[in-house]
Amino acid sequence: MIQASQISKTYGKTTVLNIESLEIPKGQSFGLVGNNGAGKTTFFNLLLDLINPTSGQITNNKVQVNKSEDWKPFTAAFIDESFLIGYLTPEEYFYFIGELRGMNKADIDSFLKQFEEIFNDEIIGKKKYLRDLSKGNQKKAGIVAALIGNPEVIILDEPFANLDPTTQIRLKQLLKTLTENNSATVLISSHDLGHVTEVCERIVVLDKGEVVNDIKTSEETLKELEAYFSA
Amino acid sequence: MIFFGLYLSLIFLSLGVGLYPGLKKLYPDSDPLLVVNNFLFYWFIGDLIFRFFFQKLPVMDVKPLLTLPIKKNKIINYVLGKSTLSFFNFLPLFAIVPFSAILLYKQYEVSVVLTWASILIIAILIINFLNFIIESKSAETELNFLPILIISSVLLGLDYFNLVSFSQLTGNAVNAITAAPYLISIPIAILVLIYSLNFKSLKQKLSLDEALKVKETAVNSSNLEWTKKFGSAAPFLQLDLRLIWRNKRTKSSVWMLVMGLLYGLIFYPNPSPTFSGEFFYIFIGIFITGIFLMNFGQFIPAWDSKYYKLLMSQNIKYKEYLKSKYVLMAASCIIMFVLSIPYVYFGWKILLVHFVAMIYNIGVNTYVLMYAGSYNRKAIELDKKAAFNYQGTGAVQWLVGIPLMLVPMLIFALLNWLVSFEVATATIAILGIIGIVLHNKTINLIVKKYKSAKHEMISAFDQSN
C-alpha cells in the first residue's frame, strides 16, 4: 500500500529522516516507535505531503504523494491539534469532515453511534467548542474524525497520549478491529511500548531518522523493545 | 516602527522647542505657560486615546514563575514597573524638557518650572496606568473601543460647549500646584491610588486557577442549510460564516462594515469642490462596496492558518476552497452596495458609480486579493481583540492596497477628465465584467499559485502557531 524509497529530509545540515526503503502492505497495522527526534512525525508529515522530501519519494496506493492529490480521498490522519477546527462544536466538525468525504448528516449521526462508549457523554450534544474541550476529549474527537468515510489508510500520531486508561483500552480494541474488518492500513506512532506491541502486527524502530529495527510482533517483542530502549 | 518612533520624537522635540516662541507670537499678552496649562486637558485625553489603541498591556507569561520561590508582589511590581519604561512615556519628555529649559532661560522661577515638569511626568504615569485599567476592563468585548470613544467625546463635548470647562479646570489646577508646590501631593496620591488598583487587579489574576480557568460559552448553532445552494463550496462557506461569527478578531470586522458604510457621509455632504468631485465617487464606491472584501480578503488563507494542515491533508480540492472565499466576498460586495443605495440622495451619479465599483470589486479586486493571499506567511490569532489589531499584517497587506484602490481611481479619473463621465463609468464596469466572465481561468491560475506555495505556507503557519 505504502512505499517509501530513498526518502530523506534535511533541515540545514541536520538530517531528520533517512529511510532506504520501507514497504507497508495493505491491511497491516504498523507501529512506529522511537525517542523524541527519531523522525516519526516527520515520516507522517512526508506521507501526507505536508513537508517536501529532500530526496526520494513516497507512494500511497501507487500515487506519488507530492506529485498528485489523488491519495487524499482514501487517506485520513490525526497528527496534532492543528487538525481540529477550534471554533466548531464536535458535531459540526464531524459533519464538516463528513461533507468532505461524501457523507451526509444522517450518515455521520449513525456512524457516531458506534463511538458512544469512547465519547463517554462528554463530546456529543454538549454545546461546547472544540477549543474548550480537554486535551483528551480533543484527541478523541480528532481520532474519530480520522475514521470518517472508511479511509483505506489511517495515520495517527501518538493516539494514546492524553487519553484516560478506559479510553486507551477501548481505542486499542477499535484499532484492532479496523485492520480485521475492512482491511484498512493503520499507521500509528507511540512512546508507549506496551500499547504498540498490543495493537500492531509490525513495529519499526527509528533512531535519529534511520530504521534500526523492523520487528514482526510476537510474544517476545515487548521485552526486546524494552531491552533496546534501556540500553 | 523605528521610523515612526523617530518621526514622533522629532515632532515632539520641535513642539517643545517651538511652543514658547509660537505662543508668544499668537498671544503676545498672556503667559505662554498659562496658555499651555489650559491646553493640557486635550493632551491628556488625546494621549489616553492614542495609548488605548497602540500601547499594549505589559504581557508576561507568569505561569512558570508561580511555582518558583518568587514573591507574587515582586512579580506584579516588576510587570508594572516595566510598563513605565514604555516609549509612550518617554515621548512627551521630548517636548517637556526643551520647553522647561526655555522657561528657565526666560527667567521663570526654578521651583515653578521643576514643579510644572514633575506634574506632567506624574500625569503621564497616571495616564499610563489608567490606560491599563481601561484596557483590561474592556478587552473582553468586541466593541471595546466604543466606551473610551464615547466617554472622551462626552468630556470634549461638555468642554467645547462650555458646560463644564475641563480645560480651564485642568489649567487652574496645574497653576495652583505650581504656585503652592506642596499641593503636588494630590497628583501623587492619585498616581498611588491608580497604581494600587492595577496592583490589586493583577494580583487577582495571578493565582493559578484564575489563569487556567477557561471561559466556556454555550454554542448557538444554526445549521446554515441555505448555503447548500452553493454546491460543493457549501461546507467551506459554512465554515467561513462560523469563522466570522465565532471569533473575536473577525466578529469586530463585521462592525467595521457599519463604520465603513458611513464613510461617504464625510465626503458627499461636503460642499467644497475638492471633496465633491466625481473623482471621489469612485474612491468611496470602491471603499464602501469593498470594505468587507478588503478586510476579509487580505488575510486569505491566514484565517484558516490554525488548521491549515487539516485542510491540506483532507479530501479537499483547492479550487472549491478558494471558490467559497470568492462567493463570500462577491456576496458581501452586493450586500454593501444595496446598503449604500440611500446615498442616491446626494445624486444619481453616485449610485451609478457605486454600482460599477461593485462590479469592479467582484470582477477584479476579489482575484487580486486571493492572488496576493498566496504570499501570506503569517498566521492569524483569531481570539485576540480585533479593532486596530495589526497582528498577522505583513508587507503583502500594505502593497495590495495600491492596486485595489489606486488603479480603478486612476482609470476613472483619467477617462472622466479626458473623455466623459459615461465612458469612465462604463470602462470600470467592463473591466469588472471581463473578470467575472474569465472566472474559471483566473481561479485556475490562482490555484496553481497556491499549490506551489503550499509547503512554505504550512511551515510558516506552523511556526507562528
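This is a predicted model: local features need pLDDT of at least 70, side-chain atom pairs count only at pLDDT 80 or more; totals for chains, interfaces and linings use all residues.
## Strands and bridges in chain A

Two strands count as paired when DSSP finds at least two bridges between them. A:Ala4 has A:Ile58, in strand 4 of chain A, as its bridge partner.

Helix 1 (residues 40-47) of chain A packs on the sheet, where it touches strand 1, strand 2 and strand 4 of chain A. The direction of this helix makes about 115° with that of strand 1 of chain A.

In what order do the four strands of the open sheet in chain A stand? The order is 2-1-4-5, with antiparallel pairing. Strand 2 (14-24) and strand 5 (63-64) of chain A are at the edges; each has a single partner strand, so one side of each is left without a neighbour in the sheet.

In soluble globular proteins, nonpolar side chains tend to be buried together. The largest nonpolar core in this model has 134 residues, and among those that touch the most other members are A:Leu47, A:Tyr93 and A:Ile155. Helix 19 (residues 348-373) of chain B gives the most to this core, with 13 residues.

A:Leu47 is worth a visit of its own. Leaving aside neighbours within four places in sequence, A:Leu47 is in contact with A:Ile2, A:Ile58, A:Asn60, A:Val65 and A:Ile155. There is also a second, separate core of 21 residues, which includes B:Tyr20, B:Ile119, B:Ala123 and B:Leu130.

## Where the chains meet

The contact between the chains takes 26 residues from chain A and 24 residues from chain B. On the chain B side, the elements that give two or more residues are helix 12 (234-246), helix 17 (308-313) and helix 22 (439-464) of chain B. Helix 12 of chain B provides the largest share, five residues. By class, this side of chain B has 11 nonpolar, eight polar and five charged residues.

## Domains and a loop in chain B

The domain assignment of chain B gives domain 1 (2-212) and domain 2 (230-464). Taken over C-alpha atoms, the centres of these domains of chain B are separated by 39 Å.

B:Ile70 lies in the loop between helix 3 (63-66) and helix 4 (72-83) of chain B. Is B:Ile70 buried or exposed? B:Ile70 is exposed, because 12 other C-beta atoms lie within 10 Å and a residue with 12 or fewer counts as exposed. From B:Ile70 to B:Leu445 there are 375 residues in sequence and 58 Å in space, C-alpha to C-alpha.

Technical notes
Residues are numbered from 1 along each chain as its sequence is written. Chains are lettered from A and ligands numbered from 1 in the order in which they are written. Two residues are in contact if their C-beta atoms, placed from the backbone, lie within 7 Å. Axes are lines fitted to C-alpha atoms, for helices over the stretch in contact, and angles run from 0 to 180 degrees between N-to-C directions. Domain bounds come from an automatic or database domain assignment. A nonpolar core is a set of buried Ala, Val, Leu, Ile, Met, Phe, Trp, Tyr and Cys residues joined through C-beta atoms within 7 Å. A residue is buried if 20 or more other C-beta atoms lie within 10 Å of its own, exposed if 12 or fewer, and partly exposed in between; C-beta atoms are placed from the backbone. Ala, Val, Leu, Ile, Met, Phe, Trp, Tyr, Cys and Pro count as nonpolar, Asp, Glu, Lys and Arg as charged, and the others, Gly among them, as polar.
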